[in-house]
Amino acid sequence: MVEGQIIQLPLVLLLAALLLLALLSLLAVKVLKSAFVGKQTAQKEPDWSVPVVDADAEGTSLFHRWDVRFKLVALLGFAFLVVATRSPEAAMIALLLSFSTVLVAQQPVYRSLKRLLAMSGFLGMFLLVMPLTVVTHPEDILLVFSGLEFLPFNLRGLQLALAIVGKACAVALLMEPLLATASLARTVEGLTRLGVPEKVAQMILLAHRYIFVFLEEARRMKTGMQVRGFKPRTSTETLQVMGNFLGMLFVRSFERTHRVYAAMQSRGYRGRFPAPFYFKVTAGDWLHAGVWLLLGIGLLVFDRLGAA
Amino acid sequence: MHISDGVLPIGVVIGSGIASLALAAWSVRRTDSEDLPKVAVVTASFFVTSLIHVPLGPTSVHLLIPGLVGILLGPSSFLAILLGLLLQSLLFQFGGLTALGANALMMGVPALLCGLLFNKLRGSTQKQHVIVGGLVGGGGTLLSAALLALLLFSGGEDFLGVAKLALVAHLPVFLIEGLISAFTISFLYRVKPELLNQRFSALQQG
């Protein structure tokens, strides 16, 4: 059933390649670890109850001065155009463009790296599984290692996986410039002016607050459980304890919110936070947005023409 | 497991985005503004829960609980899940920006069905609550995994292997989620049964 162009390779080459990969990833982990450890000792134990998504909202870069509405529309549009491309080459160009936004927006690179690391498991699966499982076409190039004839390595699968990884990373790198260059309240206000219902905007702001409160609560409960000698294992007892833990988290969260909401209402909350945001559109906003959308369209055209 | 950006073909990205928007609009209309803070609570809890890992043999899995969200919120659960996923993507890059619609469908549709089923079948005894809660909680995760596989497969036959792997990887999670849902429902039934009623505002007036 295998009908692609087969290239026979000795098994030793596979072992060497695997060894090289292992060494490289080990090195990468070491470098990243030292970078992160350096960061963490610098700021000691971070306070998890304080939101950080818009930590660098103050700034003077091109992205900070950009009207949020234009920023949202342009970068979201760009992101959709990026995921519409198919070739790994287009994905790599998108990756470079996105990386340049991180630098232009003066965002700390380690936060963007953290985002990429969060996706590494899912994307790693693609890199590993796609070359081995894609359907073989007649024009495909297959690498077959002696001794492993039943497991041909399809280069087209690798290409597909690389395109996916490139696109995913490109969009992920856009996130920091998109979100961290204005306060979240301002971004959400921009969303409302773009037509998102007020209810939804309020929910985003409330839920974003609560997440950090509940994370802290969950952490406290976990410490309590550890002090009482709880060790998670693969057992029904563990699941029962976790079930009770979740239930308790829900109960506590509800009760706390009930009190907080009553307090908010007694202070005059009528379904929206007063948001004294002033939006002023300049020609530069239009120009900046236009440039990004044109870049995206250009990328898509390059992708489709290059493939043909 | 969330689908990240760049995996799905653009047609599926746009289609699932539109379907998600329509469901979210319906969900918003069905949500009383009185209930907003509570929906926000479940959204945040859903978010926190997905960071909790349960050990499973040599590795660990994180909880998804679409079923529990559905049981707690009913029609509002789609909105809660959409926003929870949005925040996960904004804060931690789980899932993705353009894949948000697909991810919301994958978790939100099971949540809506679970809420409906639980309300229909739960009866009045603790035993029945726990059994139905467990089945619904596990079933919700199973349905999520099936939708995930279906979405991955929409990329063409090349993605069949990945889709199969995703489905198989979720089988143990489905068992764990069923048991945890059952235990959580049992706890809530004993401690604060009014949380299991989906209409909060009706409850406050009574």
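## Arg193(A) and Glu189(A)

In this predicted model, the side chains of Arg193(A) and Glu189(A) form a salt bridge, with N to O at 3.3 Å. Side chains of opposite charge can pair when their charged atoms come close. Both residues sit in helix α7 of chain A, four residues apart, so about one helical turn separates them.

Arg193(A) has 42% relative accessibility and counts as partly exposed. Glu189(A) is buried, at 10%. The cut-off for buried is under 20% relative accessible area, and exposed begins over 50%. Arg193(A), at 42%, therefore falls in between.

## Helix α7 of chain A

Helix α7(A) covers residues 184-193. Its buried residues are Leu184(A), Thr187(A), Val188(A), Glu189(A), Gly190(A) and Thr192(A). What covers them? The cover includes α3 (68-84), α6 and α8 (198-227) of chain A.

Thr192(A) belongs to this helix. Its relative accessible area is 17%, so Thr192(A) is buried. Leaving aside residues up to four places away in sequence, Thr192(A) touches Pro197(A), Glu198(A) and Ala201(A). After α7(A) comes Gly195(A), with a positive phi near 115°.

## Other salt bridges

How many salt bridges does the structure hold over all chains? The total is 12. One of them joins Arg111(A) to Glu176(A), with the closest N and O atoms 3.0 Å apart. This pair links distant parts of the chain.

Elsewhere in chain A, salt bridges link Glu217(A), Arg220(A), Arg252(A) and Arg256(A) into a network.

## The salt bridge between Asp158(B) and Arg156(A)

The count between chain B and chain A is two salt bridges. One of them brings together the side chains of Arg156(A) and Asp158(B), N to O at 2.9 Å. Where do the partners lie? Asp158(B) is in the loop between α6 (126-153) and α7 of chain B, and Arg156(A) is in helix α6 of chain A.

Arg156(A) has 19%, so it counts as buried under the 20% cut-off.

## The interface of chains A and B

The contact involves 69 residues of chain B and 65 residues of chain A. About 6,100 Å² is buried between the chains. Carbon and sulfur atoms give 82% of that area. Which residues of chain B lose the most area to chain A? They are Gln93(B), Asp158(B) and Phe183(B), together 11% of what that side buries.

Across the interface, 10 residue pairs are in polar contact, with both residues at pLDDT 80 or more. On the chain B side, several elements each supply at least two residues. They are α1 (10-29), α2 (36-49), β1 (53-56), α3 (66-73), α4 (77-92), α7 (160-191) and α8 (200-205). The largest share, 13 residues, comes from α2(B). By residue class, the chain B side divides into 46 nonpolar, 16 polar and seven charged.

## The sheet of chain A

Chain A has an open sheet of three strands in the order β1-β2-β3, with mixed pairing. Which strands are at the edges? They are β1 (5-9) and β3 (153-154), each pairing on one side only.

Strand β2(A), residues 141-145, pairs with β3(A) in the antiparallel sense. Two bridges make up this pairing. Leu143(A) has Phe153(A) in β3(A) as its bridge partner.

Conventions
Residues are numbered from 1 along each chain as its sequence is written. Chains are lettered from A and ligands numbered from 1 in the order in which they are written. This is a predicted model: local features need pLDDT of at least 70, side-chain atom pairs count only at pLDDT 80 or more; totals for chains, interfaces and linings use all residues. Side-chain values use heavy atoms; hydrogens and water are left out. Contact means heavy atoms within 4.5 Å. Buried area is the accessible area (1.4 Å probe) that two parts lose on being put together, summed over both. A salt bridge is a side-chain nitrogen of Lys or Arg within 4 Å of a carboxyl oxygen of Asp or Glu. A polar contact is a pair of N or O atoms within 3.5 Å; within protein, one must be able to donate a hydrogen and the other to accept it, and residues adjacent in sequence count only if both atoms are side-chain atoms. Ala, Val, Leu, Ile, Met, Phe, Trp, Tyr, Cys and Pro count as nonpolar, Asp, Glu, Lys and Arg as charged, and the others, Gly among them, as polar. Two strands pair if DSSP finds at least two bridges between them. Buried means under 20% relative accessible area, exposed over 50%, partly exposed in between (1.4 Å probe, protein chains only).
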